[in-house]
Amino acid sequence: MTISIWRYSHLLLAISSSLFLLIASVTGIVLAFEPISDSIKSFHIKGSNDLSVAETIHTLQHHYDEIISFGIDANNAMIASVITKEGNSETIYVDPTNGGKLGKPIEKATVFKFATNLHRSLFLKSTGRFFVGFVSFILFIIAITGVLLILKRQRSIKRFFFKIEKEYFAQFYHIILGRLLLIPILLIAVTGVYLSLEKFSLLPKSTISHQVSIEKSGSTPKIAIKDFDIFKTITLKNVKAIEFPFSDSVEDYFLIKLSDRELIVNQFTGAIISEELYPFVTLASQWSMVLHTGKGNILWSTILLIASCSILFFMYSGFTMTIKRHKKSKLRHSNHNKDESEYIILVGSETGNTFTFATLFANALAAIGKTVFISELNNYSSYRQARHLIIFTSTYGEGEPPTNAKKFEQKFKAIRPINSIQFSVVGLGSLAYPDFCKYALDVNHTLASHPLFTSVLEPYKINNQSFEAFKDWVSIWSSTLKISLHIKQPQKKKKRKNNVFTIIERTPINEDDTFLLRLRTKRTIDFQSGDLFSFSPKEDEIERLYSIGKVNGDILLSIKKHELGICSNYFSKLQKGDTIKASIKQNSTFHFQNIRKEVIMIANGTGIAPFLGIIASEKNMSNTHLFWGGRTRASLEIYNDFIKKEQLSSFHTAYSQTQKDKIYVQDLITKEANLISNALKNNGIIMICGSIGMQKEVLHVLETISRKNLNLPLSIFEKKNQIKVDCY
């Protein structure tokens, strides 16, 4: 069954039952406080559960003229119906250790009465009970389809609790809370359905019928109740209720209701006249009531409270995700139709994020007078004037096409193109998933196999919606076709809590226009090397991210000054003592793991910053190797004070501008193929930080080494999180 069916089913069920779920959730929140309140006010006596029934009855008989019945409530407090020495009939809470009166049962609060009636039947009696039961069933289906969607997103059940890429608040916590609260929500739904079926008598009968034996109903030998063997063996913790005989007649008896059975006991001899186990239906009803209401258990009541609150959040976040997806996937109206456009842009997107890049690219082409048509991959057709086909697509599941691209391959095979067309494919995804941009590669292969389609560039992969990577591709694509394109980054004004950072040191700018900034803040901030320094300049308020090196608690940034760079020019003018406002974003996927296995750090240019912090941390670096590429030997000088070569197993440098033959960092990796392959084979970690161009070349070399030396694709090690990438 396709992902779209699961998603639309999930959404349709949520929408259709939203009003009832809202009522059930709000009343569920209110009712979750009832068992908590009851437990706090409970008359439970610590240690009384271990008293035997014989001891308890003996104690009560000394304090009351007659005992009609007693039982243990959900909070393990004893409530008894007695006749006092004064001849008054009372139902009271009793201390089973001394028989003392503790108080009278408190009437249920009005707010809980109201919430209970609304929760159970919506004040519509049987009709309302039916709707509530049906909505419980729908909630169960919503939870199951939600699980299927998460499994599809995470690729397998083994990765169910793996890291989720955070796109925005609603999406991230919809999945996180969905995974954490899955079991409580399923239990709420299943028990709600069960209790509704019970109310409508749709379950098997659970009545217990005792066969009272006349032979066991004799009155001899008569013994004291405290000497009944059965009463000596039963403790209060196993008792639900005990009903005493109405008279001294031999036909009257003790009726004992335990947690799993009922007993009839002779009131004179203590003999068991009848014993019947509760049927499964009865036990299921008991457990359903406990699990659905949380009575007697503060911890479970609290979990139910959180789960009920989460259902409200799921309604909000689910609808927010749907609206965002709809807005992002809503294509701008093209100025030209498909048959008069020279540039055709087709998009494959599950969440709608890919449309952002496609629209930016289309706008850039339109700005220089090109005729552009943009649509979804499912709408692939013939194009009369087309000369270029550009495809932006994400990947879903285990290399599957997103929902709006599932018909593409079938249509591509069925429709014959009118002209020869040049094509380019851009894949968007996350390296955190094993099938990174796999569908984009499949589309590229499909197009390349057709004689009328010619590739302009190799398929390009963009990790984590990187705008810098997108601009890099646009630059390569436009220079290849000798077109000048200007891409405008959309402004994203994020309200992030900033901290004040003081400049402790700024090095002079070297011949590569590179310098180091060392910053410190008075506030205690938890961060590590590999996290990101987030700064938004006043000029455009667009967030820029810089990889952090943590050195003695300070932040170390390596920055290259660009002629037109707003931030790099601003940073280059800062002096010691100046302050700036910024924040830190965690980047846990690029943290150093202090393991006793090989760790290979690969960087070029300013990408060395997090590795400088890792080296400065003085962690176990005995199996750690650093590969770095720069322009000249002078390029390395500003880093010399931080690179403790004696701590590293090896340090490899490549200088692209000073040696006879240009050597890049990927060339060093090729020379150390055995080191790389052994590290991968022995579960070592490879960390890559630097430019997108370097990332592409390095991953290509690693792929070659992995296949040649280990006879395995690099994706095997990516799945095991042995490849960590933070490139820009």
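Which residues make a nonpolar surface patch of about 650 Å²? The views below are of a predicted model, in which local features need pLDDT of at least 70 and side-chain atom pairs count only at pLDDT 80 or more, while totals for chains, interfaces and linings use all residues. Residues are numbered from 1 along each chain as its sequence is written, and side-chain values use heavy atoms, with hydrogens and water left out.

**View 1. The nonpolar surface patch.** Phe 130, Phe 131, Phe 134, Phe 137, Leu 197, Phe 200 and Leu 202 make this patch. Patch residues have over 30% relative accessible area and no salt bridge, and nonpolar side chains (Val, Leu, Ile, Met, Phe, Trp, Tyr) are joined within 5 Å; accessible areas come from the Shrake-Rupley method with a 1.4 Å probe, only the protein chains shown counting as cover for residues. Helix H5 (residues 125-154) contributes four residues, the largest share; helices are DSSP runs (H or I) of at least four residues, and strands (E) of at least two, numbered from the N terminus. Phe 200 lies in the loop between helix H7 (182-199) and helix H8 (229-233). Phe 200 counts as partly exposed because its relative accessibility is 32%, the class between buried (under 20%) and exposed (over 50%).

**View 2. The second largest pocket.** This pocket has a volume of about 1400 Å³. Of its 37 lining residues, Ile 72, Asp 73, Ala 74, Asn 75 and Lys 295 are the closest to its centre. On a 1 Å grid over the protein atoms alone, a pocket is an open set of points where a 1.4 Å probe fits, with protein on both sides within 12 Å along at least five of seven lines; lining residues have an atom within 4 Å of a point. Grid points are joined across faces, edges and corners, and the volume is the space filled by probe spheres set on them. Helix H9 (280-293) is among the elements that each supply at least two lining residues, and H9 gives the most, with seven.

**View 3. Salt bridges.** The side chains of Lys 113 and Glu 107 meet in a salt bridge at 2.8 Å, N to O; the term denotes a side-chain nitrogen of Lys or Arg within 4 Å of a carboxyl oxygen of Asp or Glu. Lys 113 is partly exposed at 36% relative accessibility, whereas Glu 107 is exposed at 63%. Asp 260, Arg 261 and Glu 275 are linked in a network of salt bridges.

Notes. Patch = residues over 30% accessible without salt bridge, like charges linked within 9 Å, V, L, I, M, F, W, Y side chains within 5 Å. Buried < 20%, exposed > 50% of the residue type's maximum accessible area, 1.4 Å probe, protein only.
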